[in-house]
Structures are given as C-alpha cells and as structure tokens.
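I opened this notebook to record how the parts of one protein chain meet. The entries follow the order in which I looked things up.

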Amino acid sequence: MVRLQQLLSIALFLLLSGSSKGTLVSGLLAEGTKWETPYYVIKGPKPGPTVFLTGGLHGNEPAGALAAEQIRHWTILMGRLVVLPRANQPGLKAETRHLPELPREHADLNRNFPRTDAENEASSLIGREIWRLAQEAKPDWVIDLHEGYHFHQIQSKSVGSTVLASRPGDQRSRPFVSRMLATVNTTVEDPRKHFVPLRGTANGSLTRAAAERLGASSLILETTTREQPLSLRARQHRLMVRTLLQDIGILGADAPPLIHPRDPLSLHVAIYDGGGTGASGPRNLQKVMKTIPRSLTWPIGPSDILEGALAHFDVVIFPGGSGSKQAAALGIKGRDKVRAFVKHGGGFIGICAGAYLAAANYSWSLKLCDYNTFCEAREIPGVGRKSMWYRGPSSTVTMQLTPAGNEIFGHGGEPLKVRYHNGPIVSRAGIPELSDYQVLAWFRSEVSRYETQRGTMINTPAIVSGKFGKGRVLSISPHPESSQNLHPLVARAIRWAGGP
Ligand SMILES: [Zn+2]
C-alpha cells in the first residue's frame with residue numbers, strides 16, 4: 001500500500017510539474033505478493049525503438065538493480081524505455097542469487113523463461129509476470145544487468161566484465177556492443193579488467209527467450225563484484241546502457257550518466273564508497289538511511305563527483321577507511337568539487353577517515369573545518385619514530401553529547417558507548433578564513449598505544465560541527481554508525497546536515 005501511494009505521488013508529481021519531456025507510467029508486477037516489484041515506462045515525445053531494461057534478477061548482484069533504478073529517471077527523446085529495476089525483490093533483500101523459498105528447479109529466476117523449442121511459458125509467479133510484461137512491451141532491445149564474481153579475462157569461469165549477446169540476433173547487435181565496450185573500457189585502466197564480448201546465453205534466460213521469441217536484440221551486461229565498489233559497477237552499467245541508447249537515438253548526445261531523481265523526496269544522500277573507504281561504513285550507513293522516510297541514498301565514487309554528480313544530493317558522507325587515500329582517489333579536482341558543493345550549501349559528514357579528510361592540517365585535506373588533528377611523529381623509546389594518530393585496533397570508548405549536540409542528535413546528556421578506530425583527535429587550527437567549530441560531543445574515555453598518547457584524547461572533541469560557506473559540516477571521530485542503538489542519532493544528524 002505504501003508503495004502504491006509512492007507511485008501515485010510520482011504520477012501526480014509528473015502531472016503537476018509537466019516539466020519532463022515525454023511521460024512516465026508505472027505499475028507493479030505480482031502485486032500483493034512477496035514478489036511485488038515496481039516497473040516504469042518512460043515514453044519519449046515521438047515514436048522510436050523500445051528498450052526493455054531489467055536489473056536484480058539475481059539478488060546478490062546489486063549493481064544492476066541500482067543502475068536500473070538510476071536509469072529509470074532518464075528523459076528520452078523518442079521511443080520507450082521500460083525499466084524493471086528489482087526483478088527479484090526478496091532475493092535482493094536477502095542478498096541471495098536465487099528466488100528465496102522456491103524449489104531448486106525454479107529458484108534461478110534467469111532460468112525461468114521459455115526454453116528453446118518448449119512451450120511459450122515461464123515458470124514461477126514472478127517469472128510469468130516479467131515474461132508477460134516483456135511480451136506486452138514488444139521490445140526492440142532487451143538489456144539485462146548482472147554481475148560476475150571475477151574479471152572474465154583473469155578468471156574465465158566467471159562472466160564478470162563481459163557483454164553477452166543472445167542468439168539469434170547477435171550479428172545484428174555486434175556493432176552496438178563494440179561501441180558500448182569501447183566507451184566503458186576507456187574508464188578501466190587495467191587491460192585485464194576490460195569488458196569483452198561473449199556470444200550465447202543460458203537456456204531459460206530472459207534475454208535468450210526474448211531473442212528467440214520476441215525477435216529482440218538481447219544483451220546481458222555483467223560487471224565484476226570483486227574488489228570494486230558498488231558505485232563504480234553501477235556506473236559501468238550506466239555508461240554501457242547510455243552508449244546504446246545514444247546509438248539508437250533515444251538518448252541525447254549530452255545526456256549525463258547520472259541525473260536527478262524524478263520522485264519528490266525530502267533528502268538525497270550520497271555515500272562515498274570509492275578509494276580509501278572500508279566496506280562496513282557504507283553498509284551501516286545504508287541501514288541508517290533506510291530508517292529515514294522519503295529519502296534516497298546512492299553510493300558515489302570519484303568519477304561521479306568529477307562529473308558533477310554531487311549536484312543531485314543534499315548531503316555527502318565520507319565514511320571510515322583512510323582519509324589520505326580518499327583524498328588521493330578524489331584528486332585535486334575531485335576535492336575542489338566537494339569543497340564547492342559544501343560552499344554552495346551541501347551538507348558534509350565525515351566519519352573517522354572522513355573527519356581527517358575535512359581537517360585543516362594536511363596538504364591533501366579539504367580544509368572544511370577549523371581543526372588540526374593530532375598526528376605528529378614522536379620518538380618512542382625502544383620502538384622508534386611513531387605517528388600519534390594510531391591508537392590500536394577497534395575499541396569501545398565513552399562519549400558525551402553537549403547541549404548543542406543533544407539538539408542535533410536528539411539524545412540526553414548521559415554518556416554513550418561508541419566504537420572508536422583511530423579517528424582524529426582534534427584541536428583548533430585558528431585559520432582566519434574558516435569559521436569556528438562547535439563541539440557536539442566530548443570523549444569521556446580514551447585508548448592509547450604509546451605512553452606519549454596518554455591523556456591526549458579524553459575530554460577532547462569527539463564530534464564537532466561547523467559552517468563552510470553555506471553548507472553544514474559534521475565531523476565525527478568515532479563510529480556511531482557501527483552501533484544499531486545509535487542509528488536514530490545518526491539519522492537525525494544526517495537530516496540536520498541536509499538542512500539550511
Ligand atoms: Zn546474474
């Protein structure tokens with residue numbers, strides 16, 4: 001019911017705004033069942049080819065679902081774009097390849113479509129619904145987004161980083177595939193990680209059934225999950241789809257690979273997951289974001305930021321990892337983009353590594369907030385010269401919110417247990433161009449590795465906030481997003497950062 005209301009509000013929004021070229025229709029497959037999932041039909045202002053785009057047939061391949069969800073906001077010049085972003089909704093939620101709870105022979109959704117020389121019938125409820133939608137769409141192209149576990153050129157057992165063309169029709173699609181590969185491969189430095197073409201797809205797959213029975217040019221695009229952030233994989237999907245849509249004339253030559261979502265939402269949050277980011281930060285923050293109604297969260301990487309993608313968001317979060325590596329991945333131009341985003345009113349949240357990134361004292365740091373970090377090297381007797389930022393493995397410390405912190409985080413003044421993993425110990429930098437920070441929480445306990453660190457953490461700021469231009473900056477040294485019980489506090493802080 002909630003989803004239906006959302007869809008109605010989207011439709012109403014489009015009706016009232018009247019701003020989009022062409023129109024949008026949306027609906028639900030398998031309505032009222034646990035397989036229920038939305039689809040979207042974007043119509044161009046004039047006739048043209050129809051593209052049927054699917055993501056998430058396998059639930060443990062999230063980049064396809066994310067890319068399709070992002071592509072459904074595109075405006076097209078002609079024809080139709082039918083998008084089903086989350087085909088296997090329960091599998092995506094459970095992060096399993098298969099349709100949960102179905103017998104083995106029906107569990108793989110991408111083997112549930114009519115087989116070669118068999119009846120024109122799909123198996124499983126959601127399989128039948130998808131096949132019905134595909135037949136009704138009469139597509140010229142069927143594009144199904146997937147992910148492999150390894151780069152095909154390095155591990156040939158995996159189809160990661162390939163484009164598979166279904167037969168028949170693979171001859172026809174070949175020049176289009178060449179151009180898709182050329183585009184995406186210019187963004188991949190390592191030649192062994194380049195995308196390569198393959199021919200033929202599995203019996204029972206959506207694209208093979210569409211090629212055989214609907215006469216559609218049908219492709220499976222496969223990114224590689226191995227050691228690559230979600231933002232990068234979704235971007236590769238978008239780049240390939242964009243190239244095809246431009247090639248067949250339904251997308252303009254200047255269409256950006258990421259655009260502002262159509263839906264009327266109150267909060268758009270970007271979580272940086274590029275170089276220098278650990279795996280757990282973005283995951284935990286996604287969980288926090290799920291508790292904020294009418295919000296949208298997309299991961300972004302350095303390439304997105306360089307292209308100006310921050311313009312689509314109210315807040316950017318830089319999670320834990322390494323501040324200097326995040327800075328290196330962003331490069332000077334990327335860092336300038338982040339500073340400009342905050343200066344013009346965007347919210348910035350740095351957690352641990354992200355708080356180092358916001359600091360004033362490094363050549364590579366963003367200088368968003370007027371603090372230095374305690375990171376000088378000191379001579380430790382019998383050990384040698386050691387940098388003071390390192391205090392040991394992950395641990396639990398106590399922090400206490402100030403009255404200002406209470407207002408933002410919505411919590412009383414009693415001390416809180418919070419995970420700490422070498423976040424910055426900050427002190428005023430006194431840089432005239434930067435406004436003073438406000439302390440939102442104090443460390444009330446400390447951890448130390450070396451004698452010279454004793455007493456340098458307790459009663460120093462754990463969380464500070466400041467203003468940079470028109471934007472709000474929130475700098476968090478520990479990891480409140482790691483603790484489920486602190487998620488409501490983090491959610492409030494994110495909303496605050498997105499405020500005026
Ligand atoms: Zn797959």
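**Notes on the domain interface**

I began with the charged pairs and counted four salt bridges between domain 1 and domain 2. The model is a predicted one, and I read every entry below with that in mind.

For polar contacts across the interface of domain 1 and domain 2, I recorded six residue pairs, both partners at pLDDT 80 or more.

Next I asked which elements give two or more residues to the side of domain 1 that touches domain 2. I found helix 2 (62-71) and helix 8 (230-247). Helix 8 provides the largest share of that side, with four residues. By class, I listed the side of domain 1 that touches domain 2 as four charged, three polar and three nonpolar residues.

I went back to the bounds of the two parts. Domain 1 covers 2-247 and domain 2 covers 267-497. To the contact, domain 1 contributes 10 residues and domain 2 contributes 10 residues. Taken over C-alpha atoms, the centres of the two domains lie 36 Å apart.

Last, I looked up the area. About 780 Å² is buried between domain 1 and domain 2, and carbon and sulfur atoms give 49% of this. Which three residues supply more than any other three of the area that domain 1 buries against domain 2? I noted Q70, S231 and R235, which together supply 53%.

Technical notes:
Residues numbered from 1 in each chain as written. Predicted model: local features only at pLDDT ≥ 70, side-chain atom pairs only at ≥ 80, totals over all residues. Heavy atoms only, no water. Domains from an automatic or database assignment. Contact = heavy atoms within 4.5 Å. Buried area = accessible area lost by both parts, 1.4 Å probe. Salt bridge = Lys/Arg side-chain N within 4 Å of Asp/Glu carboxyl O. Polar contact = N/O pair within 3.5 Å; in protein donor to acceptor, adjacent residues only side chain to side chain. Nonpolar A, V, L, I, M, F, W, Y, C, P; charged D, E, K, R; others polar.
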